[in-house]
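Biologist: I've got a two-chain model open and I'd like to learn how to read it. Could you walk me through it feature by feature?

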Amino acid sequence: MADPIGDAIQALNVLIVPTADGTGAPTTTALFGNIQTFTTAIFGISSDMQTVSSDIKTALTDAATVVGKIGTSIAAAGSLTDVGGAMTALQSSLSLLQTIAPAGTAAVFNSASGLFQAIQSQLTALAGDAGKTIADAATELAQLAQILTALEGLFP
Amino acid sequence: MAISDPIGPVVQALSVLVTPNPALNKVSPQPTSTWTSGTNTATDGTLFTPAQALLGVLFGLSSDMTLVGNAINGGLTEMATVIAGIADQIGSLTTIEAEATSAFGALKTVLGLAQSIAPTSANGVLQSASGLFDQLNSILTSLGSIGVAADELAELSQQLTAAAPLFPAA
């Protein structure tokens, strides 16, 4: 299995180059400026488009915060296998709770279960064929958070 | 699987009512302002006059129908403005065509990845954003030219502007 986070970071190098350790400010390319001009104009066409842009910006902030915190947290964990195992256990437990919880709570459990499943899936990919360590995973997540934060600049 | 041109068939279908003026030269695309500046207006197609007469009667039947006609007229005019704006902006990317196409593809990938990890509350919006860049990338890939994509959108905006008077203005 390939490294989906690393591949995505690599693909976005045409716009944003993260720092080596994922801290500080990334470098934006000249093309980023071109695309920013384009998206600023597109999302400025109408008030509805401005609202969409604002919502995307907020979503990117939320996503960057979550990804950054996951990166910081797993850096302190033992190994990718341990973290992956914990995520699987959490996902299984939450799925079970979801089946017996009241409807209102089930949606929250479903969301949390889905999150842990997604993280576990990404970590499994890293620990598998990509052969990365937990330090690599933490760095890649920090870089991804850095990129997502920088992407906010594309949305006015 | 190759993606077909999503805009061309719409322009073609609308041509029985309103035909873009001038016609698009796909070999050497014209500036988008050819259609968006208001200098040229779409030519009435064979069905324009009969359709206008029919719709005039239909939307004049009652005050409620007139209000619906007004709303459609306003909606078409607004959409034409938005599409013209998008066409002009896409047209501005023609000098960096390959880089822009690559950037849209990368943005789609990263936003899709973020969506898989982000909290549920952010999922829908990130999906929309990823979808937007996916659509842009698909259009550019299917047409093979930013100039043609921009021009087809410009043609569509001109057609929508010309089609709006089919419905009574407020």
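Modeller: Let's begin with burial, taking one residue. A residue is called buried if 20 or more other C-beta atoms lie within 10 Å of its own, exposed if 12 or fewer, and partly exposed in between, with C-beta atoms placed from the backbone. B:S128 has 15 C-beta neighbours inside 10 Å, so B:S128 counts as partly exposed. This is a predicted model: local features need pLDDT of at least 70 and side-chain atom pairs count only at pLDDT 80 or more, while totals for chains, interfaces and linings use all residues. Residues are numbered from 1 along each chain as its sequence is written, and chains are lettered from A and ligands numbered from 1 in the order in which they are written.

Biologist: Where is B:S128 found?

Modeller: Helices (H or I, at least four residues) and strands (E, at least two) are DSSP runs, numbered from the N terminus. B:S128 sits in helix α6 of chain B, residues 120–143.

Biologist: What share of each chain counts as buried?

Modeller: For chain A, 37% of its 156 residues; for chain B, 41% of its 170 residues.

Biologist: How do I read the overall layout of the chains?

Modeller: List the elements in order. Chain A has six helices and two strands, running α-β-β-α-α-α-α-α along the sequence. Chain B has seven helices and two strands, in the pattern α-β-α-β-α-α-α-α-α. The C-alpha atoms of chain B fill a box of roughly 55 × 45 × 30 Å along the principal axes.

Biologist: Which residues count as being in contact?

Modeller: Two residues are in contact if their C-beta atoms, placed from the backbone, lie within 7 Å. Take contacts between residues at least 6 apart in sequence: in chain A, 72% of them join residues at least 24 apart, and in chain B, 79% do.

Biologist: How many residues make contact between the chains?

Modeller: 30 residues of chain A are in contact with 27 residues of chain B. On the chain A side, α1 (4–11), α2 (30–42), α3 (47–75), α5 (103–127) and α6 (134–151) each supply at least two residues. The largest share, eight residues, comes from α3(A). For the residue classes, Ala, Val, Leu, Ile, Met, Phe, Trp, Tyr, Cys and Pro count as nonpolar, Asp, Glu, Lys and Arg as charged, and the others, Gly among them, as polar. The chain A side has 24 nonpolar, four polar and two charged residues.

Biologist: Which residues of α1(A) are buried?

Modeller: An α-helix has 3.6 residues a turn, so residues three or four places apart point the same way. In α1(A), the buried residues are A:I5, A:A8 and A:I9. Seen down the axis of α1(A), they fall within an arc of 100° (taken from the directions from the helix axis to the C-beta atoms), so they line one face of the helix.

Biologist: How do I read the packing of two helices?

Modeller: Angles under 35 degrees count as roughly parallel, over 145 as roughly antiparallel, 65 to 115 as roughly perpendicular and the rest as oblique. The axes of α1(A) and α6(A) come within 10 Å and cross at roughly 40°, which makes α1(A) oblique to α6(A). Here A:I5, A:G6 and A:I9 of α1(A) meet A:E140, A:L141, A:Q143, A:L144 and A:I147 of α6(A).

Biologist: At what angle do α4 and α7 of chain B pack?

Modeller: Helix α4 (residues 63–91) and helix α7 (residues 146–163) of chain B pack at about 160°, with their axes 8 Å apart. α4(B) and α7(B) are therefore roughly antiparallel. Their contact has 16 nonpolar, five polar and no charged residues.

How values were computed
Axes are lines fitted to C-alpha atoms, for helices over the stretch in contact, and angles run from 0 to 180 degrees between N-to-C directions.
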